[in-house]
Structure formats: C-alpha cells, structure tokens
Amino acid sequence: MKNISLLTISVLTTVLLSSCNPDVSLSAGPWRAVMIPDTSQTNLELPFNLNLKQDDAGSWNAEISNSEEKILINEITETDDSVTFLLPVFEGFIQTKKTPWGLVGRYTHKAAGRSWSAPIMIEPGKSERFVSPNITPLFDPSGKWKVIINPEGSNPEIQVGEFQANGNYLTGTFLTVVGDYRYLEGKVSGDRLMLSSFDGAHSLIFTARLSEEGNLEDGIFCGGPRWKSTWRAKMDPDIELPDAGSLTYLKPGYNSIEFSFPDLEGQQVKLSDKQFIGKAVIIQIIGSWCPNCMDETRFFAELYNKYNNQGLEIIALCYESADPNASRQAIRRFKKGTGAGYTFLHAGVANKRLASETLPMLNRIISYPTSIFINKEAEIQKIFTGFTGPGTGEHYKKLSKEMIELLEQIL
C-alpha cells in the first residue's frame, strides 16, 4: 500500500468506524512511524522505528533508532485522544490523534524561524522499517560509491556514499565536502535500495534501483518539500572528496578575528574579553537547528570538559531566526540537549551571506558548522569547514584525532 493511501485511508476509516473500535493507547514495545516528507510525491514514504517504554514514575519515553544511533524522547504528553512528542535538542514536534489503528497526525519541522509539516502515522507492534518483501539482492552494495546528486541538472554535486549490507539489512551514510547525512538505515531487496533517517531535524529518505551493470540508478532523495533531488552512483573504492580545510580562511590584511555578540542573557561578549585572554579558543559557527552542528557540539562538549582546566575556552556563534527571544530559546534547548557547558552567543540570522557580513575578516561562511582554532596568542591555527560526525565511522575518528592533536599543541 502506498504511503499517502495508508494515511488517508486510516483517517477516513477512523471517521467512519471510530464509534465501534477503541482508539489505541500508548503501549510498551516497538512502533513504526511512516511520514510523507513531500506531499507532491505521495508514493514516497519515509519510515523510522521507535521503541516505547515507561519509566519508574510512569512517564512515557520513546527511543528512535537510526542504525547505531539511539535518540531518547522524554517529553511525551498523552491525553484521552491525543499524543504529542517534543523532539530532543531541536524544536520539532509530532502531534497526533489516537485512532483504532495507531497515531495519526503531523510532524512539524522548525529551523531558524522557518517551518514545514508532513503527515505521519505511528503504528504499534511493528518493528520492521521497510515492509517490502525480503528478496535476495541483485548484488551486494557494500562499499564506497561515487554519488552524483542532480545528475541531469546544471549544477550536479559529487558526494560519497558508504554502505554496509548484511543480507537484506542495510546501513550507511552520504558524505559531502562539508558534512554528512549521519546515520541511515534500511534494506536492499531485489533491485531496490532504501535508506531512511529521522533525528528531529533531518528527515531523510533515499531510494535507488540496482542495475544489471552494478550501478545505482533512478535515485530519489528527499529531506522535505524544499530539499529533494535525484541521484545515481557508481562503485568507486578510490573516490575522495576535496579537502575542506582551505575553503574558509582569513582575508589578507587581517591577522586575527574579533566580534561582539550577545549571550543568552543579552550581555555583549567579545573574544578580547578577559575570560579569553591567554587561552586557547575554539570559535564554533553553528545553528541550533543543524544536525551536523549537534554532532560537533557533543564532541566539543567532551573536549571542553577535559581541557577547560588546561586553558581551553569554546565560543559558539549561533545563527538563528530574526526573533531574538525565539532564537535564545532555541539555543538554550540545543545547549541543554547537547550537554555543552561553554559560551553560546546569538550572532545573527541563519543566512550564509548575512552571517559572512558579521565576520568580515573571513572570506565567507559556507557551512554550518565551521570551527576556528586559535592559540593562546590569539593567532588562528586552522579553520575546519564542516564536520563529519560519528555516523561516518573512520572519517569521524580521523577528524576527531586531528582536532585533538591540534588542540593539545596549542594548549
């Protein structure tokens, strides 16, 4: 059954038969969610898995699974006829009504003052992510792939896909020059490849056809109504992306960086403040709406806890919505959700051109996150554009090792 039909039929059937069938209530165990991220592609469903349980106080928690990633939702409100899930770290939420067959409602995505929503249905007792039959794959897609996004367009983008298959079960990710698509999980069945992820900010679905020539063709990617494309891929164990280390740099005529932005209490903070003089400082250019920024912030939170007493300070410059109050609220939620104990500032609007204007000593800001490592003499040592997170395996280990070694040198 196609995705939109599943939701539409469920709603219509509920209206017709709810008087003779009891509505579902929350119950412990597996649940399967199905979202339609773009209603102009009504046959494209984005599934993900949850596991519900009650804590000792009787409150409901839900754990979202994306491959190795487990995301805990501990803000769930249940009434007689509805259930609302507030997603962690980010501002998104799921609002549903109880029906005899599950929870039916909408997921609302919020990021830097912009939002969109998508229909969603969550059914109890189902643990399989993609429900298509388990057919022996045409070939094993495990390995490294050269991916072309928007291959027929005027500006195609090269990415790297890395997949691991175990029978029909499939995991992997896509790497870009400045980041990654985090943890993806799905299946490969016959000539079909399917991967999805949902983390509260990313809602991603990738599908493709396995060709007789050993390629991936007719790929569809969708992350929402405005973030979608086609793709194809060819296996290439030697494919490498360009080095992102030189994309952002200090303009000629500048020898350091300076700024003055308000903190979460509205007090202006400058890099030249006494708190940062004579310290090794990491300047983090991020947004509270950004999943790759979340991965980097969690990593930096660990660095801060370990090295703060040796002279490390970290300042997060957050680019958010135009509403200062809403932005501060979003930053506080992000800071709490990532466990970061360092300084967060509201630096401006989440627009790369406008963000670049707030830091005129840099050539440009092209990625959230971007991190600037500064030694105790206030000299910039390196600028990292983007962040490859833990969902990329060895790539994450390599980058985190490089950052730690650099930090220990400047300390």
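Is Phe221 buried or exposed, and at what relative accessibility? At 3% relative accessibility, Phe221 counts as buried, because the cut-off for buried is under 20%. This briefing walks through a predicted model, starting with the chain as a whole and then moving on to its aromatic pairs, a few individual residues and some backbone details.

**The chain as a whole**

- The chain holds five helices and 25 strands.
- Its radius of gyration is 23 Å, close to the 22 Å that the globule rule gives for 411 residues, so the chain is as compact as a globular protein of that length.
- If you are thinking about a box, the C-alpha atoms fill one of roughly 70 × 55 × 40 Å along the principal axes.
- Of the 411 residues, 54% count as buried.
- Among contacts between residues at least 6 apart in sequence, 58% join residues at least 24 apart.
- The accessible surface comes to about 18,200 Å², and carbon and sulfur atoms account for 49% of that area.

**Aromatic pairs**

- The count for the model comes to 27 aromatic pairs.
- One of them joins Tyr181 and Phe221, a stacked pair with 5.7 Å from centre to centre and 5 degrees between the planes. The pair counts as stacked because its planes are under 30 degrees apart.
- Tyr181 counts as buried at 10% relative accessibility, and Phe221 counts as buried at 3%.
- Phe300 and Phe373 have ring centres 6.3 Å apart and planes at 75 degrees, so their pair is edge-to-face.
- That pair also links distant parts of the chain, its partners being 73 residues apart: Phe300 lies in helix H2 (residues 291–307) and Phe373 in strand E24 (residues 370–374).
- Phe300 is buried, with a relative accessible area of 0%, and Phe373 is buried with a value of 0%.
- Tyr181 and Phe221 turn up again in one aromatic cluster, formed by Phe139, Trp145, Phe163, Phe174, Tyr181, Phe206, Phe221, Trp227 and Trp231.

**Leu184 and its surroundings**

- Leu184 is found in strand E14 and is buried, with a relative accessible area of 0%.
- Leaving out residues up to four places away in sequence, Leu184 touches Ser67, Leu170, Thr171, Gly172, Thr173, Phe174, Leu195, Ser196, Ser197, Leu204 and Phe206.
- Phe174 and Phe206, on that contact list, are also members of the aromatic cluster.
- Leu170 is 14 residues from Leu184 along the chain, and their C-alpha atoms are separated by 8.4 Å.

**Ala118 and its surroundings**

- Ala118 lies in strand E9 (residues 114–124) and counts as buried at 0% relative accessibility.
- Beyond its neighbours within four places in sequence, Ala118 is in contact with Met35, Ile36, Pro37, Gly105, Arg106 and Tyr107.
- Ala118 and Leu406 are 288 residues apart in sequence, and 43 Å apart in space from C-alpha to C-alpha.

**Backbone details to look at**

- As background, most residues other than glycine have a negative phi, and most peptide bonds are trans.
- Ala112 has a positive phi of about 55 degrees although it is not a glycine. You will find Ala112 in the loop between strand E8 (102–111) and E9, where it counts as buried at 10% relative accessibility.
- Arg182 also has a positive phi, near 60 degrees, and is a residue other than glycine. Arg182 is placed in the loop between E13 and E14, and at 1% relative accessibility it counts as buried.
- The peptide bond from Tyr368 to Pro369 is cis, with omega near 5 degrees. Pro369 is in the loop between helix H4 (352–358) and E24, and E24 is the strand that holds Phe373.

Terms used
Residues numbered from 1 in each chain as written. Predicted model: local features only at pLDDT ≥ 70, side-chain atom pairs only at ≥ 80, totals over all residues. Heavy atoms only, no water. Phe/Tyr/Trp six-rings, centres within 6.5 Å; stacked < 30°, edge-to-face > 60°. Buried < 20%, exposed > 50% of the residue type's maximum accessible area, 1.4 Å probe, protein only. Helix = DSSP H or I, 4+ residues; strand = E, 2+ residues; numbered from the N terminus. Rg over C-alpha atoms; globule rule 2.2 N^0.38 Å. Contact = heavy atoms within 4.5 Å. Areas by Shrake-Rupley, 256 points an atom, 1.4 Å probe, with all protein chains shown as cover.
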